[in-house]
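Subject: Structure handover

Hello,

Here is the structure for you to open. My notes on pockets and helix packing follow below.

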Amino acid sequence: MLNKILERFAKLLVVWVVLAALVGYFFPQVLVPLKPYTDWLFAFTMFGIGCLLSGKDFIPILEKPRLVFLGTAAQFIIMPLLAFCVIKVLDLSPALAVGLILAASVPDAMAAGVMSYLAEADVALSVALTTVTTLVSPVLTPALTHFLGKEYILIQFWPMFQSIIMMVIVPLLLGLYIQRRFHKITSDIKPVFPALSTLFIAFICGLVVALNKSALDKVSGVIFIAVISLNIFGLIFGYLAGKGFRFNLAQRRTLAINVGMQNAGMGAVLAIKHISAEAAIPNALFATWCIISAAFLAGIWSAKKT
């Protein structure tokens, strides 16, 4: 009974993110005290994800290295370049511009695997892509953010690299170890991990809103257009890239979803720590919107068998 409640809770991520955002806006004093603990919140999220993975999740990486390599390349080429183009067209302010670049430069979202399942896509490939993009993110995320965002705000590579190692890679590997060492226990409490991850991501997004309450009153609808455009074009170009790579239908759907969905919760934490609270706004918006659009797309694809 409890497991079913936790599973249902995790599936309602969008609902909890929206509610946390409302709390952050109308009662910012509730969430602002969480600011010193954002790294830990995200680290626990990654630890939970590590506890859900197993050795078999890495098999597709070894069996289909070409697909994983091309998918990873598409992720880190398409989204950052799209963000740069959107920024130029919409003329975003420096903080929002770098925030959008950061949102485009983080690895794909952990929820991409769920959306691939709902879309009747290649779930194994999705998990492989998420794993590899996450593992290479300590280098590529700060490098891309620095390279594309330096004309707006100078980003230091090494501090961001170290942050990603400590709040993403270390807890992920620790979770993998715990899962392997205490497999029976982690299997019995498996639904707890996605539920906690959902809760922590909601807290992070709510905190971004709380820290930017006054700034949000001045933010125009342009940032919403920027976030939605980045996501929609990411889905489109991800699918077209899969077509160009001669992926089959299920693999094209997977690549579209993985490219279009970003681990924006990670981006929000990095923005707060290394740039500014305002730079976290595009990430918080993206974290919510990309789930809505992917769920909508998955619904369409699952209704079409060809």
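The lining of the largest pocket splits into 28 nonpolar, 15 polar and 5 charged residues. For these classes, Ala, Val, Leu, Ile, Met, Phe, Trp, Tyr, Cys and Pro count as nonpolar, Asp, Glu, Lys and Arg as charged, and the others, Gly among them, as polar.

This is a predicted model: local features need pLDDT of at least 70, side-chain atom pairs count only at pLDDT 80 or more, and totals for chains, interfaces and linings use all residues. Residues are numbered from 1 along each chain as its sequence is written, and side-chain values use heavy atoms, with hydrogens and water left out.

Pockets

The largest pocket holds about 1600 Å³ of space. A pocket here is an open set of points on a 1 Å grid over the protein atoms alone, where a 1.4 Å probe fits, with protein on both sides within 12 Å along at least five of seven lines; lining residues have an atom within 4 Å of a point. Points are joined across faces, edges and corners, and the volume is the space filled by probe spheres set on them.

The lining of the largest pocket has 48 residues. Leu-52, Met-110, Ala-111, Val-114 and Pro-194 lie nearest its centre. Helix 4 (residues 38–52) gives the most to this lining, with 6 residues. Helices are DSSP runs (H or I, at least four residues), numbered from the N terminus.

The second largest pocket holds about 450 Å³. Its lining has 20 residues, with Ala-21, Val-209, Phe-224, Leu-285 and Thr-288 nearest the centre. By class, they are 18 nonpolar, 2 polar and no charged. Helix 2 (13–26), helix 12 (192–211), helix 14 (222–244) and helix 17 each supply at least two lining residues. Helix 2 has the largest share, 6 residues.

Helix packing

Helix 2 also packs on helix 12, at about 30 degrees, with the axes 7 Å apart. Axes are lines fitted to C-alpha atoms over the stretch in contact, and angles run from 0 to 180 degrees between N-to-C directions. The two helices are therefore roughly parallel (under 35 degrees; over 145 counts as roughly antiparallel, 65 to 115 as roughly perpendicular and the rest as oblique). Helix 2 passes helix 12 in a right-handed crossing (the near helix is turned clockwise from the far one by less than a right angle; anticlockwise is left-handed). Their contact (heavy atoms within 4.5 Å) includes Trp-16 and Ala-21 of helix 2, and Cys-205 and Val-209 of helix 12. It has 11 nonpolar, 3 polar and no charged residues.

Helix 16 (residues 264–274) meets helix 17 (residues 281–303) at about 165 degrees, with the axes 8 Å apart. That makes helix 16 roughly antiparallel to helix 17. Their crossing is left-handed. Ala-264, Gly-265, Gly-267, Ala-268 and Ala-271 of helix 16 touch Asn-283, Phe-286 and Ala-287 of helix 17.

Helix 9 (residues 123–149) and helix 15 (residues 249–260) cross at roughly 35 degrees, their axes coming within 9 Å. This crossing is right-handed. Among the contact residues are Leu-125 and Thr-130 of helix 9, and Gln-251 and Leu-255 of helix 15. The contact has 3 nonpolar, 5 polar and no charged residues.

Best wishes
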